[in-house]
Amino acid sequence: MNVHEYQAKQIFAKYGVPTPKGIMVESVDAAVEAAKELGGPIWVVKAQIHAGGRGLGGGVKLAKSLDEVRILADEILGMTLVTHQTGPEGKLVQKLYIEDGADIKDEFYLSVILDRKLEMPLIMASTEGGMNIEDVAEKTPEKIITVPVDPAIGFQGFHGRELAFGLGITDKAEQKNIISFAQKLFMLYMENDAELIEINPLVRTGSGEFLALDGKMGFDNSALYRQPEIAAMRDLSEEDPDEVEAAKYGLSYVALDGEIGCMVNGAGLAMGTMDTINYMGGTPANFLDVGGSANAETVAKGFEIILKNPKVKAIFVNIFGGIVRCDRIANGIIEATKLTDVHVPVVVRLDGTNAPEASEILKNANIQNLIVASDLGDGAAKSVAAAKGA
Amino acid sequence: MSILVNKKTKVIVQGFTGKEGSFHAEQCIEYGTNIVGGVTPNKGGQTHLGKPVFNTVSEAVKATGATVSMIFVPPAFVGDAVMEAAEAGIELAVIITEGAPVKDMQMAKAYATKHGMKTLGPNCPGIITAQECKIGIMPGMIFKKGGVGLISKSGTLTYEGANQVCNEGYGITTAVGIGGDPIIGLSYKQLLPMFEADPETKCIVMIGEIGGDLEIQAAKLIKEKITKPVVAFIAGQTAPKGKTMGHAGAIVSGSAGTAKEKMDALKAAGVKVVVSPAEIGKAVKEVLS
C-alpha cells in the first residue's frame, strides 16, 4: 500500500524527521488560507497523487505571492496529471499540499528499501539528488552508497558514519544532523512495516540542516493488520477501481491491454497463461488469480470484472484443480454463466482432481459459446482462435 | 532416492488442530506421510487425527523425534512459529501459510539460519517425494514416482509441470515449492545441488517468475556446478512493470527482475528454457531422450 507525500511527511514528523511545514488542502480557498497560515514568503503548491515525476508533469510549482498560490492551486487542482508513472491516462488531482519554500543549498537522495538478496533493509544514498535514481545507478553507480542494516542490531553509529562520509559530508554538525536523520528514518521504517521510503530530494539548507523535501512511502500489505494508523491512510481513489472490487472477493486482478480475458487459479499459472496466449499469437486482457477456493460466486465476479473491459473478445478459464475438485468448479462456471451475461466465447480448461467428470458436466450443460479444452496449450490456442473469430 | 524428505521422515504439524492444519494433515497422513504429532498451545495431551497433540514444539520433538515441521499457523504467528521450531531443533520447517509480514520473515529466517534449520516458503505448496511423503497442500495423485526433480515458486505451476512430466511417461523424484514471497527459505541455489547429488534424479525442472534475482543466481550455479539437464520456465513475460502479480514478490522493479533477463541468463547457462508452461513436458522428453 502506498500513501501520499503529505501522509508520509506526517509520519516523518511523528518521528522527528525534519520536513518543511505544510498543509494538505482540497480547495483553492483552503490553499490560500493554508499559505497565509504558513506565512511565506515562498510556497510550493504540490499535487498529491500516488505517482512520481509530478514536477516534470507540471504538478509542483513555486508561488511567490498569495495571488500566485491561488492561481497555481486553481490550475493544478482538478487537472489530470500525466507522468512517466501514471500511464497515458494520467491521474486526477484531488488534493494539494501547500508547503513552505526551503532554503536549498544542495540536494541528495536517500531511501530505505528491502534488499531481497541480503534479506534485510538497505539504506541507499547519493549526492545526485533530484535525479531518477535508476539513471544514476546505470550511468554513475559509484555515486550510490549502500548501507545494509541488520534489524537484529538496528541502526548503529557506524552505519551513520558510513553514510555521512560516503556522501562527503565533512562538517561535524552536519554529520550529526544527517546521522540523526537516517537513524530516525530507519526506526520509522521498521516500526511501521514499511516496504520502501524514498526521499528525493533530501536537501541541505544554508544552515546545514537536512530536510525531506519529498517523501514517498510504501507498506507491506501483509502487515497492515497491525498498523491501523497506516491502514487508515489508504486512499482508494488512487487505486484501480476494478482491482479494489476484485480484492473484495479474494480475487487478484491486474488490467492489461489485450483481448483475451483470463481467469486462472494461482498467480504463477495465471502469469503462465498470459505468456502462453502471447506465445500463441494472442494478447491477454488481464491477470486474474481466483485463488485456491474458486466457487460459483467468485467465478461469476471474475466474469463480471473481465467483461467490464470492452476490448475482451474471448475468455480463457484455466484451472488446475488441486485440493479444489474440478467438478465443483465446472458447476461453478455453469452457475456463473447464469448469474452474469457472458456474451463472448468462453474456453474452459479444467485439469487435476476429477477433471473427466468436470468435462462431462460442461459438455452436458449445453451452454452456448462454451468451448472445452483438453490442456493449457489447447486452451490458449482455442482462445486465440475464438478472439480472432469474434 | 529423493531430496530432503522420504517415507521415514518424522513430521509434526504446527497449527495442527486448526481448520486448514487439520484438513491438510489428514490428506498428508492418507498419502503416507509419517506425521507423528502436532502442536497447538493449550491442547497438549489431546489426540487429533489419531496423533498426539503437544503444547510446544520442544515437547513434541522430545516425545516424537520429529525433524520436520509443517507450519499452518495464521500469518501473524508465522515468525514466532518458525523461531520456535528452530529453537526446538527442527531441521526443516515447511511454511505453508500465506500473508506473513515480510519483517517477521526477515527475523525468523535469520534466526533459523543461526540455528541451522532449513526453511521452505512461506506461501508455498510444500514438498513432496512422490508416493512416499507429502508435506503440504499439493494434490498427491499427480505425482508419480520417476526421475525428474522439480523446483517452483508457484503452486499451480508445480502441478501443471508435474502433470505434464507424468503424462509424457516420466515421473517425479521430489517436487519442491519454494514460494513467491520477497523473502523465502530454500531456493534454487540450495536445491539444485541436492538434485545433482541425488542418483535417482535425471533431469531438473525449475519454474520461476518475475521479481528478485534468485533465477539469475541459479543460472550462475548451473553453469558452474550442475551437469544434469535443466528445463526452465519463467512466468510473467507479459506482466507490466511495477505491478505485483498475485505473489508479493512477483514484481518488476524498474528494469530489474524481468522474465527476459532471467530467461537469457538461464539460456546462457545451457538450460532448456521454454516460452510457455505448456511446453514443459515436451522439453523434459527432449532432454531425456
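Which residues of H10(A) are buried? Keep in mind that this is a predicted model, then select residues 296-308 of chain A, which make up helix H10. The buried ones are A:Val299, A:Ala300, A:Lys301, A:Gly302, A:Phe303, A:Ile305 and A:Ile306. While you're there, check the span: H10(A) has 13 residues and reaches 18 Å from its first C-alpha to its last, close to the 18 Å expected at 1.5 Å a residue.

Now bring up the neighbours. The buried residues of H10(A) pack against helices H8 (241-248) and H11 (326-339) of chain A, and also against S13, S14 (260-264), S15 and S16 (314-321), strands of that chain.

Next stop, the place where the chains meet. Chain A puts 42 residues into the contact and chain B puts in 48. On the chain A side, the elements giving two or more residues are strands S13 (252-255), S15 (286-289) and S17 (346-352), plus helices H9 (267-279) and H13 (376-389). By type, the chain A side splits into 20 nonpolar, twelve polar and ten charged residues.

Then go for the core. The largest nonpolar core has 159 residues, and A:Phe287, B:Ile71, B:Val82 and B:Val94 have the most contacts inside it. A second, separate core has 39 residues, including A:Ile179 and A:Val203.

Last, zoom in on B:Val94. Leaving aside residues up to four places away in sequence, B:Val94 touches B:Val68, B:Met70, B:Ile71, B:Leu120, B:Gly121, B:Gly126, B:Ile127, B:Ile135 and B:Gly136.

Conventions. Residues numbered from 1 in each chain as written. Chains lettered and ligands numbered in written order. Predicted model: local features only at pLDDT ≥ 70, side-chain atom pairs only at ≥ 80, totals over all residues. Core = buried A, V, L, I, M, F, W, Y, C linked by C-beta atoms within 7 Å. Buried ≥ 20, exposed ≤ 12 C-beta atoms within 10 Å, placed from the backbone. Contact = placed C-beta atoms within 7 Å. Helix = DSSP H or I, 4+ residues; strand = E, 2+ residues; numbered from the N terminus. Nonpolar A, V, L, I, M, F, W, Y, C, P; charged D, E, K, R; others polar. Expected span 1.5 Å × (residues − 1).
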